[in-house]
Structure formats: C-alpha cells, structure tokens
Amino acid sequence: DFFKIKTSDQGKKFSESGKVVSTLIFFGSGREGGNHVRPWDSGEYTCQFDNSVGRAQSAMALKVEHSPIVSHRQSKVAADLGESADISCRMKAFPAPQFQWERDEIPISNSGRINNRSIKQISDYEYESTFTIWKVKSDSYGEYVCKATNNMGVGETIVKLVKKGKPESPSKLQAMETGANNMVVTWTENFNGGMNNTSFKLQWLEQGSA
C-alpha cells in the first residue's frame with residue numbers, strides 16, 4: 001500500500017467548467033512514516049480521463065531529490081595480468097553526483113597512460129563511473145572504493161578486481177511453474193569469473209535417491 005487516489009465527486013452537478021480533479025497521494029502503510037516520498041517514486045505519472053465522448057490525459061514528471069544509491073548488481077571484475085580492466089559502479093541520484101575512486105583511502109586520479117576515469121548517464125536518474133586500468137599488474141588486484149556525492153549526501157560501494165577464474169554458484173533457484181510433465185525454473189546468475197562463455201546445466205534426481 002503506497003498510494004491513495006482522491007477524485008472529486010463525479011455524481012454531483014459541476015459548475016459550467018465541468019472540472020474534475022483527481023489527486024494521487026503518496027500515502028500508505030508501505031511508506032516510512034506513512035507519507036514519505038521515496039527515491040524510486042521518481043518517474044513520469046500519467047492521469048487519464050475517459051467518458052462516452054472520448055479520452056484525455058496529461059503527464060507530469062516527478063524528480064525526488066536523494067543521495068546516491070548503489071544500483072549495480074555485481075561487485076567484482078576479473079582480468080588477467082597484462083589485460084585492461086574496466087572497474088565500474090552505478091549510482092541512482094538526483095541531482096547528478098560527482099564520482100571519486102579510492103584505493104587504501106587514497107584518491108585515484110587520471111594518469112593518462114596508466115589509467116583513466118569516465119562518467120556516463122544511463123538514464124534520467126542513473127549514472128555510471130568507470131575506472132579503467134590499461135594494463136593490469138600483480139599489485140592492481142584488490143578493492144577499489146567508488147564514492148558518489150551530491151548535495152543530498154554520499155553513497156559508496158566497493159568493487160573488487162580479481163583474477164579470472166571459475167564462476168560462482170547460482171542462487172535463488174526456484175520453480176516458477178509446474179505441470180504434469182514440465183517445470184519452469186529460474187535462478188540468479190552470480191559473478192561469472194570474468195568468462196563470458198558460462199553455461200548452465202540442470203540435473204534431476206528422484207526423491208530419495210542417493
């Protein structure tokens with residue numbers, strides 16, 4: 001329960017303008033304090049009216065100011081020695097954030113031939129910062145801190161650079177649909193070890209079998 005809709009009484013006789021007002025109220029038991037607007041309330045809202053004559057609608061954009069929120073799913077990047085590595089983090093924020101990368105609490109700056117930083121806008125409220133190491137060395141492996149800052153606060157996350165290896169086991173395996181002779185199964189793919197040729201196999205064991 002996150003919203004309530006209030007519409008002026010359509011049963012009574014209106015003034016000459018025939019004005020009907022519909023109000024979307026950000027209120028419900030699912031909200032902190034009952035009426036707090038959340039960052040993910042940002043977006044475009046459309047109000048549509050229909051009657052026997054036709055349809056009319058209007059749209060309004062809502063942008064909620066909030067501190068940066070981590071939006072990427074994976075927190076590991078893999079590369080072998082001598083390869084380049086793109087270490088990225090994504091943040092949702094409004095206003096747009098400024099990014100800073102750190103390692104061992106020391107800020108990382110562009111150094112041309114060794115590394116490079118770039119920022120791109122993914123959507124109206126989402127941004128990605130990428131820290132590129134042109135040639136990975138043995139001391140390149142470890143944790144990198146991505147910090148994003150705007151006037152509403154700070155968000156930070158750790159992205160780890162590791163050597164390429166075997167993929168992590170999938171998680172959240174569950175049956176979405178079952179039938180007399182079929183089943184639809186879903187799972188969450190986790191870090192692939194830096195290899196893009198990861199494949200999945202399902203194994204069935206009869207209940208009670210060894």
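Reply: Strands (E, at least two residues) and helices (H or I, at least four) are DSSP runs, numbered from the N terminus. The model is predicted, so to speak of a local feature requires pLDDT of at least 70, side-chain atom pairs count only at pLDDT 80 or more, and totals for chains, interfaces and linings use all residues. Residues are numbered from 1 along each chain as its sequence is written, and side-chain values use heavy atoms, with hydrogens and water left out.

Me: How much space lies in the largest pocket?

Reply: On a 1 Å grid over the protein atoms alone, a cavity is a set of points where a 1.4 Å probe fits but cannot get out, whereas a pocket is an open set with protein on both sides within 12 Å along at least five of seven lines, and lining residues have an atom within 4 Å of a point. Grid points are joined across faces, edges and corners, and the volume is the space filled by probe spheres set on the points. For the largest pocket this gives about 360 Å³.

Me: Which strand gives the largest share of the lining of the largest pocket?

Reply: The lining of the largest pocket has 14 residues, and those closest to the centre are S22, L24, Y45, T46 and C47. Three strands, β2 (22-25), β3 (43-50) and β4 (55-62), each supply at least two residues of this lining. The largest share is five residues, and the strand that contributes them is β4.

Me: How many charged residues are in the lining of the second largest pocket?

Reply: The second largest pocket has a volume of about 300 Å³, and among its 13 lining residues I114, N115, I133, K135 and S140 lie nearest the centre. For the classes, Ala, Val, Leu, Ile, Met, Phe, Trp, Tyr, Cys and Pro count as nonpolar, Asp, Glu, Lys and Arg as charged, and the others, Gly among them, as polar. On that basis the lining of the largest pocket divides into nine nonpolar, five polar and no charged residues. The lining of the second largest pocket has six nonpolar and two polar residues, and its charged residues number five.

Me: Is the pair of rings of F131 and Y144 stacked, edge-to-face or tilted?

Reply: Rings of Phe, Tyr and Trp (its six-membered ring) pair if their centres lie within 6.5 Å, and planes under 30 degrees apart count as stacked, over 60 as edge-to-face and the rest as tilted. A search of the whole structure finds five aromatic pairs. In the pair of F131 and Y144 the ring centres are 5.6 Å apart and the planes stand at 45°, so the pair is tilted.

Me: Which strands hold F131 and Y144?

Reply: F131 is buried at 3% relative accessibility, and Y144 is buried with a relative accessible area of 3%. The pair ties together parts that are 13 residues apart in sequence, because F131 lies in strand β11 (residues 126-133) and Y144 in strand β12.

Me: Which residue lies over the face of F3?

Reply: Ring pairs link F3, F26 and Y45 into a cluster. A charge sits over a ring if NZ of Lys or CZ of Arg is within 6 Å of the ring centre and within 35 degrees of the ring normal. At 4.9 Å from the ring centre of F3, the residue over its face is R31.

Me: What is the value of phi for K172?

Reply: Another residue that is not a glycine, E105, has a positive phi of about 65°; E105 lies in the loop between β8 and β9 (106-108) and is exposed at 75% relative accessibility. K172 has its place in strand β14 (residues 171-178) and is exposed, with a relative accessible area of 65%. Phi of K172 is likewise positive in a residue other than glycine, with a value near 55°.

How values were computed
Buried means under 20% relative accessible area, exposed over 50%, partly exposed in between (1.4 Å probe, protein chains only).
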